[in-house]
Amino acid sequence: MSPVLPPARPTLTWAGLVTGARWMVPLILPVSIFGLAVGAVAAQKGLTLVELSLMNALVYAGASQLVALGLWPEQWNGAALTAIALVTLTVNARLLLMSAAFRPWFGPANPVIAYGALLTLTDANYIAGQRYYAEGGRDLGMFIGAGLLLWVVWIVAPIPGYLAGRLIQDSRAFGVDLVMPIYFSAMVARLWQGRNDSLGWLVAGLVGLAVQRWQGGTVHVVVGSLAGMIVVALLTPATKEEAGR
Amino acid sequence: MIVDASLWTLLAILAMTAVTVFVRMFGFFLMGFMPVGPRLEAGFRSLPGAVAAATFTPLVVQDGPSALIAILVAVGMARAGRSDLLALCVALGLAIAIRQAGF
């Protein structure tokens, strides 16, 4: 039995920031298109440009913004405010699982840097970051650089959509709703590592579908992905010795 | 008119920000109290795919052939080593064509 080495303290370099930003270059266009859609919806819901930009800069979670804006009330009160917060929490609950997944990588780092980096957490730098980590990368700059580049895109891109108002009249005919699903699927396809993943992802899909049919809303994302993750964890040998390699 | 901001809207944006920052940090925080073994690490590694499956299966069932074919083409191209952007362009083009054809 070989001794277990303490985890290496991750670095944070300028080169890492540039690497992370480069990972996100193919995403600039799809994220911009998604941003245009959010800007257009915000215009329809009567937000001012300052309000929209503030939301993009502070919330920086496109799917939740789109869903929340879809439910944006005309008359505000405490209940409406709570409902918007709960909807945002539900759509973004997957970020909780994603942030947990960065413990092995960010754990040994300075907590201020680790938590600061997590402020930029989105689906995109989560997936890219996990791939980078799986390939042996440990530079925190990669994650932060990826997050910051898309953050800037996310602040800028919705503005023309807002100004054009109803620029995208029929978003379905132009496949705007499929941009994120297609891109996300292509990225995760590269993370597939064998039968365990196939089984886990199948379970996640079926549980997600069942819960969505039963509950509606967005909670199926959390329940389904947790179910898939548990299946993969249980199929994995508990110790390295058991795995026998 | 497009530069001012109402108090309620600001409050809503701040509430959305608070819950989002919370989920961004809390999972990482919690894991500080749990040892990460090979099982948990394998689970986390597979999580992106599980998120995709749980999110997109209902979408595909609801939306029909355009979404299904687009996602399958994108996955196939990614597995074949094509760039993510190329996979996106081809798959999205196909989906738009299918939808314009009336499906």
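My entries on the two chains follow.

**Entry 1: ground rules.** This is a predicted model, so I take local features only at pLDDT of at least 70 and side-chain atom pairs only at pLDDT 80 or more, while totals for chains, interfaces and linings use all residues. Residues are numbered from 1 along each chain as its sequence is written, and chains are lettered from A and ligands numbered from 1 in the order in which they are written.

**Entry 2: confidence.** I looked up pLDDT, which is the predictor's confidence in each residue, from 0 to 100. Chain A has a mean pLDDT of 86, with 91% of its residues at 70 or more. Within chain A, helix H14 (residues 240-243) has the lowest mean, 54, and helix H9 (residues 140-156) has the highest, 97. Chain B averages 88, and 95% of the residues score at least 70. Its lowest helix mean is 86 in H2(B), and its highest is 95 in H1(B). For the complex, the predictor gives an ipTM of 0.77 and a pTM of 0.72.

**Entry 3: what are the chains built from?** I used DSSP runs, numbered from the N terminus: helices are H or I of at least four residues, and strands are E of at least two. Chain A has 14 helices and zero strands. Chain B has four helices and zero strands.

**Entry 4: overall shape.** I checked the radius of gyration, taken over C-alpha atoms, against the globule rule of 2.2 Å times the number of residues to the power 0.38. For the 245 residues of chain A, a compact globule would come out near 18 Å, and chain A has 20 Å, which agrees. For the 103 residues of chain B the rule gives a value near 13 Å, but chain B has 20 Å. Along the principal axes, the C-alpha atoms of chain A fill a box of roughly 65 × 45 × 35 Å, and the trace of chain B spans about 55 × 45 × 25 Å.

**Entry 5: buried or exposed?** I call a residue buried if 20 or more other C-beta atoms lie within 10 Å of its own, exposed if 12 or fewer, and partly exposed in between, with C-beta atoms placed from the backbone. In chain A, 50% of the 245 residues count as buried. In chain B, buried residues make up 43% of the 103. I then picked B:Met34, which sits in the loop between helix H1 (7-31) and H2 of chain B. B:Met34 counts as exposed because it has 10 C-beta neighbours inside 10 Å. Its C-alpha atom is 26 Å from that of B:Ala52, 18 residues apart along the chain.

**Entry 6: where do the chains touch?** Two residues are in contact if their C-beta atoms, placed from the backbone, lie within 7 Å. The contact between the chains takes 85 residues from chain A and 69 residues from chain B. H5(A) gives the largest share of the chain A side, 15 residues. I sorted that side into 59 nonpolar, 19 polar and seven charged residues. Here Ala, Val, Leu, Ile, Met, Phe, Trp, Tyr, Cys and Pro count as nonpolar, Asp, Glu, Lys and Arg as charged, and the others, Gly among them, as polar.

**Entry 7: helix H11 of chain A.** Why is H11(A) largely enclosed by the rest of the structure? Eleven of the eleven residues in this helix (residues 179-189) are buried, so the rest of the structure largely encloses it. Among them are A:Pro181, A:Tyr183 and A:Phe184. The buried residues pack against helix H2 (28-44) and helix H8 (123-134) of chain A, and against helix H2 (38-63), helix H3 (65-79) and helix H4 (84-100) of chain B.

**Entry 8: the nonpolar core.** I count as a core a set of buried Ala, Val, Leu, Ile, Met, Phe, Trp, Tyr and Cys residues joined through C-beta atoms within 7 Å. The largest one has 109 residues, and A:Ala146, A:Ile182, A:Ala186, B:Ala70 and B:Ala74 have the most contacts inside it. H5(A) supplies the largest share of this core, ten residues. I also looked at what A:Ala146 touches, leaving out residues up to four places away in sequence: the list includes A:Gly20, A:Trp23, A:Met24 and A:Asn125.
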